[in-house]
Amino acid sequence: MTAPSIEPAAPDRRDFLGKVGKGLGILAGVELLAVVVAYLAPGKGGAGRGAALVVAGPVGEFTPSSVRAFPGGKFYLARLADGGFLALSSRCTHLGCMVPWDAKQRVFPCPCHASRFDERGDVLAPPATRPLDLFPVVIEGGIVKVDTSRRIGRARFEPGQVTYL
Amino acid sequence: MSPVTDPREAPLPARKPSGFSNLVLHLHPKLVPAAALPLSRTFGLGGGAAVLFLILAVTGSLLLVVYEPSPERAHGTVTRLVDEVPFGALVRNVHHWAANGMVLVTLLHLLRVFYRGGHLPPRRGNWFAGVALLLLVVACAFTGYLLPWDQLAFWAVTIATGMLEYAPMVGGLLLRAARGGADVGPATLARFFVLHVAILPIAMLLLLAFHFWLVRKVGGVILPEGSGDRASPRGALVPTSPNLTQREGAMALGVLAAVMVAAALWDAPLLAQANPGMSPNPAKAPWYFMGVQELLVHLHPALGAVGVPLLGVVLLLALPALGGRQPPTGRWFGSARGARHALVAAAVGAVGTAALVVANEPLRRAPPWLPGIPPAVRSGALPLAAMAMLLLGAAWLSRRRGATRIESVQSAVSFALASFGVLTLVGVFLRGQGMALVLP
């Protein structure tokens, strides 16, 4: 029996193994990155975070066509001309600044990039591309309550978003 | 032959190296070309940035002794630092001005290298390292911006991290990863603090060492053609110590003096403690982001916040590949023609941008033009196409008028840089309440 001749691995096999090694390396890198990002980014449902029902007050306190600020809950309670209620997040949908209410001009002008929203939250002037977010409004026994734990994004104002008595 | 004609510029004889210059000579070769010595070759910008890094490391360590990174205590510790700690205000001011100086000097360093052709082979690898260092410098400056936890810091970081949301697909994830939640809060401060005092400076130090090593490996800074002759293409060599080391020492002392003077004259800003319920009017980003903030006033956020900054970095990284095969001349702007073209392109870019900003002022308050077209097209895709056309047009025109390939790319880049520079100036000086255009 003759000793088997030792031949160098065929180049295509070596290439193949090299490629597999590189591929596994890249995969490991991506996994590592995903782990770091997942570690750093907490889930959307931050356990009961801000799970607050804000009691805004009796219905009669809000005259139609009025907007009242609730700085603690970071929202505005708007009562539209037809008596319906909208709870508008005061966070600008463009880049997150707090919008003040300009009662004279009846707009929410953003101080950071000059977006403007009307009392229903709709965009009057860019650069914002979406209306102000909403919080659900509940009216129980003549008392208006706003659930600030549930933020509702929307593409435009629709009558179905308004809460009536 | 000697390239030095002025007797005051005559090289000094070599000195027996001391312990200190032995250390310095690890960064430098024993001999350097005499042609590399004049200040106008590099303006000492890279070395100046390195000196600022050292100043920032020292003052930063001092600040760390007093500062506490929690939303409840951060602002209080900074107030105590300024009001009670001996020389606390001075240390904070030096750190502030050195940080802003480092962003500025690094940008100027990048411009110097680009306009002398130092980004082209054989220095291409070091250009990539330099672009990475620029990003680290900006990241360091910006993460430091949040730490005082005042109104300025809180809202600038709210806006800047808010931009991440417009990244396609992964925007929401990136936003929550950067903030550690839906809003800027304690988790954000913890993240920015770790980045600012550990991760970014260490990364910068490692990359800086690599950056220096590559400069030495390629034989030093880029020199103009004709610095030497056939026998010694880089011209006469002179001893590094003391010819280069003395110049570097003078540069370092000059940088230190400039920072000290700025720190003595102007206090670093500190507004009231952050109030997450009220944005100041106007809320402005730090100056090196004001160009982007100005774009955000005019463009769709996906383009202004994500598209343009990303394309800018891609363009910087692509510049070496766009240069063609011709070796760089090493002269400013390649040639006199290159300088002329770059100047015209920059002037057109600056004036055109200023005109557009003014023209858009009444338009952006009016109801949108072309109401049937979605905003993503109207203020996103259309302006992007226009920008691409303008850049390509600038390069094409320059090429048609006899510029080399390198010079035509340089014209397009000059056009873009001047436009962005004007946007930055408008944002810093001409934007008042409600982001309306006002006189400074």
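Chain A splits into domain 1 (10–41) and domain 2 (53–161), with bounds that come from an automatic or database domain assignment. Between the centres of domain 1 of chain A and domain 2 of chain A, taken over C-alpha atoms, there are 49 Å.

A word on the ground rules. This is a predicted model, where local features need pLDDT of at least 70, side-chain atom pairs count only at pLDDT 80 or more, and totals for chains, interfaces and linings use all residues. Residues are numbered from 1 along each chain as its sequence is written, while chains are lettered from A and ligands numbered from 1 in the order in which they are written.

Now look for the sheet in chain A: 4 strands line up as S2-S3-S4-S8, an open sheet with antiparallel pairing. Strands here are DSSP E runs of at least two residues, helices are H or I runs of at least four, and both are numbered from the N terminus; two strands pair if DSSP finds at least two bridges between them. Strand S2 (66–70) and strand S8 (134–135) of chain A sit at the edges with a single partner strand each, so one side of each has no neighbour in the sheet. Strand S4 (residues 85–89) of chain A meets S8(A) in the antiparallel sense over 2 bridges. Within S8(A), Phe135(A) is the bridge partner of Ala87(A).

Next, the place where the chains touch. Here 29 residues of chain B are in contact with 21 residues of chain A, contact meaning that C-beta atoms, placed from the backbone, lie within 7 Å. On the chain B side, the elements giving two or more residues are helix H7 (151–162), helix H8 (171–179), helix H11 (290–298) and helix H14 (375–400) of chain B. H7(B) supplies the largest share, 4 residues.

Technical notes:
Two residues are in contact if their C-beta atoms, placed from the backbone, lie within 7 Å.
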